[in-house]
Structures are given as C-alpha cells and as structure tokens.
Amino acid sequence: MSILAAAGKLYEAHKYQEVYEVTKDVVEKNPEDVEALWWFARACYDYGCEKENKEEKKKLFEEGLEKAKVCMEKHGNCAEGFKWASVLLGKMGDLVSTTEKIKSAYTIRDWATKAAELNPEDSTSQHVIGAWHCSVSSVSWTTRQLAKTFFADPPSSTYETALPYLLKSYELRSDNPTNNLLLGDCYVALKNKEEARKYYTEVSKISPVSAKQEQQKEDATKALKKL
C-alpha cells in the first residue's frame, strides 16, 4: 500500500491529524507531486476544521492554500488543486478582515468554477459555487458599499442562482450534511419551508463522526424548530 493510499484509509476513519502528518511528510519529500499537493491541501482543511483556536485554524488553512496554489501552477489540469484552493480561501474568509474577504471573493468563485469545468461530476466544487452565491446574496448593505471601493462591478448574486449548484451537488452526493444544511438555508431564504424541512431533516438524522457534524446536526435541529 502506498503512503497516500494509507492516508486514504486514515481519511475514511476521520483521523484527520494523522492524515495531515502523513501527507505533510509526503509533500515535503515530493514538493511538486500532484497527488501529494492536493492531498495535503485537503488534510489541512479537514484538520483545520477540527481546531477551535482561530490562529491554529488559520495556520493550517494557510499551509494548505500554499500547496494548493503550487498544485494549480504546476498542474493546471488538476481539478483537485483548484477545488481545495477555493475551499481553503473561502474558509480563510471567516478568519480575516472584511476587506480581505471582499478582495478574495472573485478568486474563490473563479477557482471553484475552474475545478467544476475540469471535473463536472465533483460534488464539492458544485457546492462551493453554490455556497459562494449564497454568501454573496446575504452580505449586508455596508459590506456591499465597501466592495465598491475595490471593484467597479462588485460581486452580486441571488439565492435563485445558488440553488441549481447546491441541487447538483446533492445529486452527485446526497449524504453531505454541509451541502444539505445550506440547501435548507437557501430554501428558507426563498421562502420554501417545505423543501427546507426536507434537507434540514436529513441533517438532523445523521450520526455525527466529527465535532463539525455534531454542530451541523444541532444547527439543523434548531432550524427545523423555527420553520
């Protein structure tokens, strides 16, 4: 079994710290290897999501983003490189200033779109594009005004635009609580409580395998009570 195959086994067991350690060793020894690069980027995302300390989380996301960028530069046809770069840059938005978040908005969308073009059957890329449209749709008036200082044409979207991407992601992988929770939120924004209830219910019934999923289950249960 190769080292990355072993990392895959650890990933399936949700042992993200071990995946991070294994893939970090591989990428240090093979700094331009396409699989090592995107595997490490994904490991940084998963391990970072487990961290409660914001600085530790940010450090891991930055590590992963650095290698994902190398993957994009060295392997321009690798969908995984673009996908994890967009995911990690998006997660960084929760940890940086509003100004930095605004400046990266189009980049996140463009990288995710490229990933989806390279691999249309990847559910995560479809989700990231949908999440981007949801995020942009929900920004405050103040943030929109701030965006105008950086872009002649600031990012804008609607929940109607987001929905097809989230549904496509669901079609490709129906058991992703991250996507299903956002589908529920999207339908709430579109005032379709019946459909929102469907996706929130799915998340509320999962058997969590991580702290992240425990939170998602809790969020879905709370959302159902508000419908």
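From the N terminus on, the elements of the protein run α-α-α-α-α-α-α-α-α-α-α-α-α, which amounts to 13 helices and zero strands. Helices here are DSSP runs of H or I with at least four residues, strands are runs of E with at least two, and both are numbered from the N terminus. The radius of gyration is 18 Å, close to the 17 Å of the globule rule for 227 residues, so the protein is as compact as a globular protein of that length. This radius is taken over C-alpha atoms, and the rule is 2.2 Å times the number of residues to the power 0.38. Along the principal axes, the C-alpha atoms fill a box of roughly 50 × 45 × 35 Å.

The model is a predicted one, in which local features need pLDDT of at least 70, side-chain atom pairs count only at pLDDT 80 or more, and totals for chains, interfaces and linings use all residues. Residues are numbered from 1 along each chain as its sequence is written, and side-chain values use heavy atoms, with hydrogens and water left out.

Of the 227 residues, 44% are buried (under 20% relative accessible area; exposed is over 50% and partly exposed in between, with a 1.4 Å probe and protein chains only). Among contacts (heavy atoms within 4.5 Å) with a separation of 6 or more, 57% come from residues 24 or more positions apart.

Turning to the aromatic rings, the structure holds nine aromatic pairs. Rings of Phe, Tyr and Trp (its six-membered ring) pair if their centres lie within 6.5 Å; planes under 30 degrees apart count as stacked, over 60 as edge-to-face and the rest as tilted. Tyr11 and Trp39 are edge-to-face, because their ring centres are 6.1 Å apart and their planes stand at 85°. Tyr11 belongs to helix α1 (residues 3-12) and Trp39 to helix α3 (residues 34-50), so this pair ties together parts that are 28 residues apart in sequence. Tyr11 is partly exposed at 26% relative accessibility, whereas Trp39, at 8%, is buried.

A second pair, Tyr187 and Tyr199, is stacked, with 5.9 Å from centre to centre and 5° between the planes. Here Tyr187 in helix α11 (residues 177-189) is linked with Tyr199 in helix α12 (residues 193-204), twelve residues apart. Tyr187 is buried with a relative accessible area of 9%, and Tyr199 is buried with 3%. Finally, Tyr11 and Trp39 also belong to one aromatic cluster together with Tyr16 and Trp38.
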